[in-house]
Amino acid sequence: MSDLFLESVQSRTTNPSDYETKLAGAIEEVFATGRHDLAGLVSGLNDLNIPAPGGSVWDEDLLIRVIDQLEA
């Protein structure tokens with residue numbers, strides 16, 4: 001069983017926030033359209049009018065930073 005491990009988000013002690021849940025749903029919705037690259041994901045989130053933190057539009061660097069923060 002040494003090849004099994006948990007990602008940090010799998011061992012959370014709290015539930016995701018409403019924003020995290022909404023963002024995850026939007027990401028799944030974008031993936032369902034066949035867009036799987038970073039640029040497509042950013043474009044899809046903006047097309048769905050899912051605001052980035054602070055209400056700004058998404059760009060690639062911001063999405064990477066937000067995902068990194070959510071994984072912490």
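A residue counts as buried when its relative accessible area is under 20%. The legends below describe close-up views of a predicted model.

View 1. E20 is located in helix 1. Its relative accessible area is 18%, and therefore E20 is classed as buried. A polar atom of the E20 side chain lies 2.7 Å from the backbone nitrogen of S17.

**View 2. The salt bridge between D47 and R35.** Side chains of opposite charge can pair when their charged atoms come close. The structure holds 1 salt bridge. This salt bridge joins the side chains of D47 and R35, with a distance of 3.3 Å from N to O. D47 belongs to helix 2, whereas R35 belongs to the loop between helix 1 (18–32) and helix 2, so the pair ties together parts that are 12 residues apart in sequence. R35 has a relative accessibility of 27% and therefore counts as partly exposed.

**View 3. The crossing of helix 2 and helix 3.** Two packed helices are described by the angle between their axes and the distance between the axes. Here the axes of helix 2 (residues 38–47) and helix 3 (residues 60–71) come within 9 Å and cross at roughly 90 degrees. Helix 2 is therefore roughly perpendicular to helix 3.

**View 4. The residues in contact between helix 2 and helix 3.** From helix 2, the residues L38, A39, L41, V42 and L45 take part, and they meet E60, L63 and I64 of helix 3. The residues of this contact comprise 7 nonpolar, no polar and 1 charged.

Conventions. Residues numbered from 1 in each chain as written. Predicted model: local features only at pLDDT ≥ 70, side-chain atom pairs only at ≥ 80, totals over all residues. Heavy atoms only, no water. Axes fitted to C-alpha atoms, helices over the stretch in contact; angles between N-to-C directions. Helix = DSSP H or I, 4+ residues; strand = E, 2+ residues; numbered from the N terminus. Parallel < 35°, antiparallel > 145°, perpendicular 65-115°, else oblique. Contact = heavy atoms within 4.5 Å. Nonpolar A, V, L, I, M, F, W, Y, C, P; charged D, E, K, R; others polar. Salt bridge = Lys/Arg side-chain N within 4 Å of Asp/Glu carboxyl O. Buried < 20%, exposed > 50% of the residue type's maximum accessible area, 1.4 Å probe, protein only. Polar contact = N/O pair within 3.5 Å; in protein donor to acceptor, adjacent residues only side chain to side chain.
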